[in-house]
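Biologist: I am new to this entry and would like to be taken through it. Could we look at it together?
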Amino acid sequence: MIDMLPPAEYLSRIKPFSFLSNEELAEFTRRMEVVFYRAGKTVFKSGKILKRIYFIREGKIGLFNGKDLVEIAGRDEMIEIKSSILGHETEFTARAMEDSVLFEIDSEVVNKIMERNRNFGEFLKRFLSRKFLSLLRLLDTERIEDIYADPVNSLIKKSPIFCFKGQSIKETVRLMNTHKVGSVVVVDSGMFPVGIVTHTDIVRVFDENIPLENSVESIMSSPVVAIDSEGSIMDAYIKFITNDINHLAVVEDGKLTGVVSIKDILSRLEAHSSLLSVSKDIIKSKTPDEIRNASTEINRLILNMFTSGFDYSSISTVISTQTDILIRKILLSSLGKENNLVIAPFGDYGRRELIFPLRIGLLIVGDRHYCREVESSIINTVSNIEVESIECCPVNEIGEYLKNLNSEMFLNLIDSRYLYGNGSFYINFRKVFASSINDELAVSMIRKLARLNKVDHENMSKIIAEGIKAVSLLHGDITSRPTWDRIKILSDKGVIDKELSDSLKEAYMALKNIELKGKLKGGQGRIEKILVKKTSEVIREMQAWMAEYLD
Amino acid sequence: MDGRISGLEFEKEFEKAEFRIIDLETTGLSPKKDEILSIAIVPMTGWRIRIGDSFYSLIKPEKFNHRSIEYHGICPGDVNNAPSFEKIGRKIHEMLNGKIIVGYATAFDIEFLKRFFRKKLKIKLSLERYADISEIEAWIIRKKGIAISYRLDFDAILKTYGIEPSSRHNALSDAYFTARIFQKQLKKLLEYRATISDLIKIGRRLFIF
């Protein structure tokens, strides 16, 4: 009988209520009131423990901190749900901003159904604990594992087969045969890999009649190409392609911990091989035409990864790597192997946090004329990369150049990293840069962000990124890295407490995911709008924390 | 100042008022010859529609008028196993007696109910205080100084208040939407400083002020 009531029908179309069965919806409706609040009327006061869930069916409800309006919630949103479900005291006073109609559902029945209905319960729990990113995942049915961003050590199945550099070829061959492996890494006494011996090398031993008693050092390929165990599978794949090798040593703090072969990678990536052809195309391209064609593949790759359910962090990592390769190709074809300059991405691109369409910032340390050349060669070769800003720093006046920068640009350069050109120029630049950094820059940035009143969907992710960067700087970290890594480091150091850092990370990733989705598919869904709004809560907490931090 | 104090008093009276929003479906339009096929009652206290306490039941008629199927969509098979009016009469009586009844074309529903209680249960139902949302709407429009040149049918009033009707049509959902309309009309009445007794007069078109 009760399921004939329109509120049940209405809720059944809205997440998370759409997870409910008809019986569960009927239970909700039995414990529901539909209440009209005239404009100006108070729905509840702050400091109360709510016994109902407040769902806005119509109108607008303002949340007030004393006299200050903090947030306006609208149709289909729930307000102060933390109080209703977790029994916390309400943070704000809720008042109708216009005539409003609310569905008020008994918390007890909601709690009961949260325990019974897994999807419904998970949704609300993640919402309450502000696991925004995982909440987006829950909604996304097309999701697959983020294998490209998985660390390469997830591919390692057994301990590495290795020999010491003083051992003989004979011993090495026996080792390969016993363990049925195609390669053996040669290490020194400190377990640092110095070379690798593969089937190809053994064939050469027989062909060239090299005595089997000779040391393995005489036939190994050296240096060995290695990857850090935390590097991504995508990074490993790119190393295979660029170095034209079949085996890769995996190291931790430089010491050998495993070996991966191209076979291991391919078997893992098989299902998504369509995504791989892109980097191959980019790597193999030589002429401007080939580069241009390959570059448009990046757009396809972003869309493919997105529709395959990758998160923003994986997409941006992969896309940044591809963009790096592409830019290097363009520069090689226009400037050749130039040694009088260095090019370093900075800002978002420096942190490997690209968004679609691709906008990049490049720092050029070198003669001024290179700036024009670099910009025009990129613009003339590819159409899908926009050079947002180019910073020119003369090689011999780095100190002068840095002195004249405004503080925002200065902080942006923290995110610079080497991409192309003379490495020693870059090392020199970073040295001068590190010595010109002062804490005051970071302090004033934090102060500015903590006091910022205008927090909206346009600047939220920027507030997190800039704030975290500035705090990292105060803790001596000026390495270019993605914001989520910085948050983790600050949390590990105990600078940010666990709860806030988890919320910030989730909020940041969710914002970026939503931003990317908006750029690729246009518009925002209802849940996304709500998440963006809820993120403003996290930002407020971050602002309070930053203010406190400076004290 | 004086106005604001009495405004608050009106408000208190409204907040405590017990309304029952009703909707009937009948085999025809004549309370003498036709029968009630279903009844829905949605209680409303002040501004709160207590939908959890709603009541809806089909009622088995003595004879079925097939021509009315097209209006209410209830078929003979639906009501074969439904309780008789005698069976649910007491419950209905309990819910409605002495309360303010609100509906659409309410006078007609009241007439049916009074007659059924008298004829079938031999009890008198006190339903003197009732209001019709289309009469209230007509009054509001007159208050605004606009001439009424169109019919105040249910769908038109829903539209006036920006309420989207649901796809399903039955006595219970109609009663619910009547309640949603009535909430918004109450607000207008309050703005015009009408009291509950004014509301009854307005709703029964007994007086114009």
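This is a predicted model: local features need pLDDT of at least 70, side-chain atom pairs count only at pLDDT 80 or more; totals for chains, interfaces and linings use all residues.

Biologist: Let us start with chain B. How many helices and strands does chain B have?
Modeller: There are nine helices and six strands in chain B.

Biologist: And what share of its residues counts as buried?
Modeller: The share is 54% of the 209 residues of chain B.

Biologist: What about contacts between residues 24 or more positions apart in chain B?
Modeller: Such pairs make up 68% of the contacts in chain B that have a separation of 6 or more.

Biologist: I would like to look at α5 of chain B. How far does the helix reach from its first C-alpha to its last?
Modeller: Helix α5 of chain B, residues 106-121, reaches 21 Å. With 16 residues, that is close to the 22 Å expected at 1.5 Å a residue.

Biologist: Which residues of α5(B) are buried?
Modeller: They are Thr106(B), Asp109(B), Ile110(B), Phe112(B), Leu113(B), Phe116(B), Phe117(B) and Lys120(B). Viewed down the axis of α5(B), these buried residues fall within an arc of 160 degrees, so they line one face of the helix.

Biologist: What covers them?
Modeller: The cover for the buried residues of α5(B) includes the strands β1 (18-26), β2 (36-45), β5 (100-103) and β6 (130-132) of chain B, together with helix α4 (85-96) of chain B.

Biologist: What comes just after α5(B)?
Modeller: Lys122(B) is found there, with a positive phi of about 55 degrees.

Biologist: One more place in chain B, please. Where is Thr195(B)?
Modeller: Thr195(B) sits in the loop between α8 (171-191) and α9 (196-203) of chain B. With a relative accessible area of 18%, Thr195(B) is buried. Leaving out residues up to four places away in sequence, Thr195(B) touches Phe10(B), Glu13(B) and Phe14(B).

Biologist: Now for salt bridges. How many does the structure hold?
Modeller: Over all chains, the structure holds 40 salt bridges.

Biologist: Let us take Glu104(A) and Arg52(A). Which parts does that pair tie together?
Modeller: Their side chains meet in a salt bridge at 3.0 Å, N to O. Glu104(A) lies in strand β8 (residues 100-106) of chain A and Arg52(A) in strand β3 (residues 52-58) of chain A, so the pair ties together parts that are 52 residues apart in sequence. Glu104(A) counts as buried at 1% relative accessibility, while Arg52(A) is partly exposed at 27%.

Biologist: And Arg13(A) with Glu9(A): how far apart are the closest N and O atoms?
Modeller: The closest N and O atoms of that salt bridge are 4.0 Å apart. Arg13(A) counts as exposed, at 57% relative accessibility, whereas Glu9(A) counts as buried, at 13%.

Biologist: What separates Glu515(A) and Lys512(A) within their helix?
Modeller: About one helical turn separates them, because they are three residues apart in helix α22 (residues 498-521) of chain A. Lys512(A) counts as buried at 5% relative accessibility, and Glu515(A) is partly exposed at 27%.

Biologist: Which residues are linked in a network of salt bridges?
Modeller: The network links Asp348(A), Arg351(A), Glu353(A), Asp415(A), Glu466(A), Lys469(A) and Arg486(A).

Biologist: A change of topic: is Ile463(A) buried or exposed?
Modeller: Ile463(A) counts as buried, at 3% relative accessibility. Ile463(A) is part of helix α20 (residues 460-474) of chain A. Apart from neighbours within four places in sequence, Ile463(A) is in contact with Leu449(A), Leu452(A), Val455(A), Ile539(A) and Met542(A). From Ile463(A) to Gln543(A) the distance is 9.1 Å in space, C-alpha to C-alpha, and the two are 80 residues apart in sequence.

Biologist: Finally, the surface. Which residues form a nonpolar patch there?
Modeller: Leu69(A), Ile72(A) and Met97(A) form such a patch, with about 220 Å² of accessible area together. Leu69(A) lies in strand β5 (residues 68-73) of chain A and is partly exposed, with a relative accessible area of 40%.

Conventions:
Residues are numbered from 1 along each chain as its sequence is written. Chains are lettered from A and ligands numbered from 1 in the order in which they are written. Side-chain values use heavy atoms; hydrogens and water are left out. Helices (H or I, at least four residues) and strands (E, at least two) are DSSP runs, numbered from the N terminus. The expected span of a helix is 1.5 Å times one less than its number of residues. Buried means under 20% relative accessible area, exposed over 50%, partly exposed in between (1.4 Å probe, protein chains only). The arc is that of the directions from the helix axis to the C-beta atoms. Contact means heavy atoms within 4.5 Å. Patches are made of residues with over 30% relative accessible area and no salt bridge: like charges are joined within 9 Å, nonpolar side chains (Val, Leu, Ile, Met, Phe, Trp, Tyr) within 5 Å. Accessible areas come from the Shrake-Rupley method with a 1.4 Å probe; for residues, only the protein chains shown count as cover.
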